[in-house]
Amino acid sequence: MVASRVYLVEWVGDNLSRAFAMKLPKIVEDVASSFEKLPGIGRRSALRLAFYLLRMPQRDLEMFGMSLTNLKKQTKLCTICHNLTDSDQCTVCSDQSRDNSLVCVVESFQDVIALEKSGSYKGLYHVLHGSISPLNNVGPEELFIDTLIKRVKSGGVKEVILSTNTSLEGEATALYIKQALDGCDVIITRIGRGLPTGVEIEYADEVTLHQALLTRRAVS
Ligand SMILES: [Zn+2]
């Protein structure tokens, strides 16, 4: 019974084009439709992943499902920098050895991971959760810019390093923040040379990020 089911699953998996013509169990369709909602996953890949899951031991499958169910329930945003965490403050903000007079402004969690991997930065972060993009209806009020301004105004921050992407949206966001912080007693710098125009921090290599941080320049 089990062997024949595995055979069937493999047969279907290996004959996807023919499988499209056959009516699949509803639950398989449901799982495939969920995968199709992920970026870069088309119908064919979604079915392949669903069939792959069918071959996994039941216990592993249940753990997989449980992790998905708990993903949002067991994560939150750091109350200081809006980085991803499972407690009130993220591991960076709660690390007493970090320099809390430096705040590096980034667009996403992934940028924090990339900069941390470069090992060159010992200050804190501020995660905006996007960039200003009028074409996508994202204005400054949709981002965590107001909390950055409050954070700077509450004192203790000596330098704000604008490390948004070097895309059009990233540059516009950096400029907006620079203007919003006008009049505050803080040095504002922009991540430096080495980052070609249009590059996303998330995908920059560690050496480039290290250089970019070292060569940051004051924004006039
Ligand atoms: Zn934090």
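**Val106 and its surroundings**

Visitor: Which residues does Val106 touch, not counting those up to four places away in sequence?

Guide: Leaving out residues up to four places away in sequence, Val106 touches Asp111, Val112, Leu115, Tyr125, Val127, Leu128, Ser163, Thr164 and Ile201. Two residues are in contact here if their C-beta atoms, placed from the backbone, lie within 7 Å.

Visitor: What should I know about the model and its numbering?

Guide: The model is predicted, so local features need pLDDT of at least 70 and side-chain atom pairs count only at pLDDT 80 or more, while totals for chains, interfaces and linings use all residues. Residues are numbered from 1 along each chain as its sequence is written.

Visitor: Back to Val106, then. Which residues have the most contacts inside the largest nonpolar core?

Guide: Those residues are Cys81, Cys104, Val105, Val106, Tyr125, Val160 and Leu162, in a core of 36 residues. Such a core is a set of buried Ala, Val, Leu, Ile, Met, Phe, Trp, Tyr and Cys residues joined through C-beta atoms within 7 Å. Buried means that 20 or more other C-beta atoms lie within 10 Å of the residue's own, exposed means 12 or fewer, and partly exposed is in between, with C-beta atoms placed from the backbone.

Visitor: And which element gives the most to this core?

Guide: That is β3, with four residues. The elements that give two or more residues are β3 (99-106), α6 (109-118), β4 (123-127), α7 (145-153), β5 (159-162), α8 (168-180) and α9 (206-214). Helices (H or I, at least four residues) and strands (E, at least two) are DSSP runs, numbered from the N terminus.

Visitor: How many bridges join β3 to β4?

Guide: Five bridges join these two strands, which run parallel, and Val106 has Val127 as its bridge partner in β4. Between the two strands the chain passes through α6, and this β-α-β crossover is right-handed, a term for a path from the first strand over the helix to the second that runs clockwise when the strands point away from the viewer. As for burial, four of the five residues of β4 are buried.

Visitor: In what order do the strands of the sheet come?

Guide: The open sheet has five strands in the order β4-β3-β5-β6-β7, with mixed pairing, where two strands pair if DSSP finds at least two bridges between them. β4 and β7 (217-218) stand at the edges with a single partner strand each, so one side of each is left without a neighbour in the sheet. Further in, β5 and β6 (residues 187-190) run parallel and are joined by four bridges, and Glu159 has Ile187 as its bridge partner in β6.

Visitor: New topic: where is His82, and is it buried or exposed?

Guide: His82 lies in the loop between β1 (76-77) and β2 (84-85), and His82 is buried, with 22 other C-beta atoms within 10 Å. Its phi is near 70°, a positive value in a residue other than glycine. The C-alpha atoms of His82 and Val127 are separated by 5.5 Å, although the two residues are 45 apart along the chain.

Visitor: What about Asn137, buried or exposed?

Guide: Asn137 counts as exposed, because 7 C-beta neighbours lie inside 10 Å. Asn137 also has a positive phi, of about 60°, and sits in the loop between β4 and α7.
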